Amino acid sequence: MVQDDVFKKLVSHCKEYGFVFQSSEIYDGLGAVYDYGQMGVELKNNLKKYWWDSMVMLNENIVGIDSAIFMHPTIWKASGHVDAFNDPLIDNRDSKKRYRADVLIEEHLAKQDEKIDKEVQKATKRFGDTFDEKMYRETNPRVLRYQQERDEIHARFVKAMNDNDLNEMRQIIVDCGIVCPISGSRDWTEVRQFNLMFSTEMGSTADGAMKVYLRPETAQGIFVNFLNVQKTGRMKVPFGIAQIGKAFRNEIVARQFIFRTREFEQMEMQFFVTPGEELEWFEYWKNRRMQWHQALGFGAEKYRFHDHDKLAHYANAATDIEYEMPFGFKEVEGIHSRTGFDLSQHEQFSGKKMQYYDPELGKSYIPYVVETSIGLDRMFLSVMAASYREETLEGGETRVLLKLPPTLAPVKLAVLPLVRKDGLPEKARAIVDELKFSFACQYDEKDSIGKRYRRQDAIGTPYCVTIDHQTLKDDTVTVRDRDTMEQERVPINALQQFIAERTDMSQLLKQLTH
Ligand code: ATP
């Protein structure tokens, strides 16, 4: 299936089965804002738990907080967001559509890379076993030309971004002949900077209202509480503070469903280290975070690191973990070595010391920070994309399946009486009443058993427990596996353990070795 079609189907599946709805739908929606439905909220909660437990439960030196969305406005001055949290935007005069100039150029570069890869693939087919890819890339005139063009544009782009040179960005777009995907035209406006923070007013006007911002990241709530947590928790460097919460950005281009939204949720962890040790910790967290993603079992080839071309002036290393979405490899998580920038800024702007006294070194200093920052909504999208399947069964029937990791599935087991009589519903209800204390269960007696299985497949329920006439005789049930569709008989008194062994969060967490 074409990837575009897969994505469209995924979006409609999310709506049809109660995962994601457009916000304010009956009023024709609100741009790039989404609501999570009855299934979506469960999946989201499970993702949060997987992240939270992997940080706070598995690491003695990481604790969590939950800071407010509203913060003192000077925080955003200190962090640099008031002056520099901008995206370069450009408009196409014909379609009147607005784009991020940097994204247009990055997409162009990705296309150049694809062109080169296609040449290499063609040659691989042509030359077979004797093909030497390295040599081909270094000597084939066409590949060399493409590569040189790409590298030149790339170098100009990096420089323009670093110098904040908006005219040069526009020039690159013009020189590359980039066209608007909607109008196909090259009639571009100037490139302008656009601040992404939402603001509102706090307090009544009589008191003197104060302009406050909706936080564009959760990290600052951690920085300003750094000493509160360190002192009250008696934390010793190295230690981390984790937080899950909403963030808001007035994104210029908000397409691609929940990939880029104006209200979203972040899961961030700031790890405070002794200056000089930050790059070792950066490597450590890079690997730990990749392991966390890969433990979900979607295949290592679906992920890659993408090191930043443009480092923020305060960062000394930064990489993204990208996942192969239906629309290409895209950032899901960022890992940044932020030096002592944020704490120093807050020390300067607040006039309060932000230093840690190191009992081992016998001196005070501002710790350096390595942060891991993942978007929950993007993570949700990657999990849905990886799990969505359409299968053709023997006999030509098709089924739509969400092959979610069992620990993340919104419903862990469905309890289904084979027929709606002979005491089977009562027996099924008794099982739900027992197991609902441990698992998210669903009881369903409507329609044929086949239809009920399909409904559970579509929401990713890993196990369907069916109560039949034999159950009344020997207290066993059939348990159907979502992926293999195979059934086995299990005694009712062994069900609890059977499901727990296969769906408990600890199963996933145990794969995260240090
Ligand atoms: P992008 O380059 O895609 O705009 P970013 O580099 O600005 O993202 P960060 O500031 O590093 O993103 O934020 C950390 C994480 O928060 C990102 O990896 C992403 O998963 C998530 N995120 C950022 N912006 C959005 C958004 N508008 N919608 C959903 N998730 C987002």
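Which residue just after α12 takes a positive phi? Select G351: its phi is about 75 degrees.

Before going further, a word on the model. It is a predicted one, in which local features need pLDDT of at least 70 and side-chain atom pairs count only at pLDDT 80 or more, while totals for chains, interfaces and linings use all residues. Residues are numbered from 1 along each chain as its sequence is written, and side-chain values use heavy atoms, with hydrogens and water left out.

**Stop 1: helix α12**

Helices here are DSSP runs of H or I with at least four residues, strands are runs of E with at least two, and both are numbered from the N terminus. Buried means under 20% relative accessible area, exposed over 50%, and partly exposed in between, with a 1.4 Å probe and protein chains only.

**Stop 2: aromatic rings**

The structure holds 21 aromatic pairs. Rings of Phe, Tyr and Trp (its six-membered ring) pair if their centres lie within 6.5 Å; planes under 30 degrees apart count as stacked, over 60 as edge-to-face and the rest as tilted. F226 and F239 are stacked, because their centres are 6.2 Å apart and their planes lie at 5 degrees. F226 belongs to helix α10 (residues 226-232) and F239 to strand β9 (residues 239-248), so this pair ties together parts that are 13 residues apart in sequence. F226 is buried at a relative accessible area of 0%, and F239 is buried with a value of 0%.

Next, select Y356 and Y365. Their pair is edge-to-face, 5.8 Å centre to centre with 70 degrees between the planes. Y356 counts as buried at 2% relative accessibility, and Y365 is buried at 9%.

**Stop 3: arginines over rings**

A charge sits over a ring if NZ of Lys or CZ of Arg is within 6 Å of the ring centre and within 35 degrees of the ring normal. Pick R378, whose charged end sits over the ring of F259, 3.8 Å from its centre. Then try R429, which lies over the face of Y443 at 3.8 Å from the ring centre.

**Stop 4: two helix pairs**

Show helix α2 (residues 40-57) with helix α11 (residues 278-294): they pack at about 145 degrees, with axes 12 Å apart. Axes are lines fitted to C-alpha atoms, for helices over the stretch in contact, and angles run from 0 to 180 degrees between N-to-C directions. On the α2 side, select L47, Y50, W51, S54 and M55, which meet W285, R288, R289 and W292 of α11. Contact means heavy atoms within 4.5 Å. The residues of this contact divide into 6 nonpolar, 1 polar and 2 charged.

Finish with helix α5 (residues 101-127) and helix α8 (residues 166-175), packed at about 40 degrees with axes 10 Å apart. A101, L104 and I105 of α5 make the contact with M169, I172 and I173 of α8. Those residues divide into 6 nonpolar, no polar and no charged. Ala, Val, Leu, Ile, Met, Phe, Trp, Tyr, Cys and Pro count as nonpolar, Asp, Glu, Lys and Arg as charged, and the others, Gly among them, as polar.
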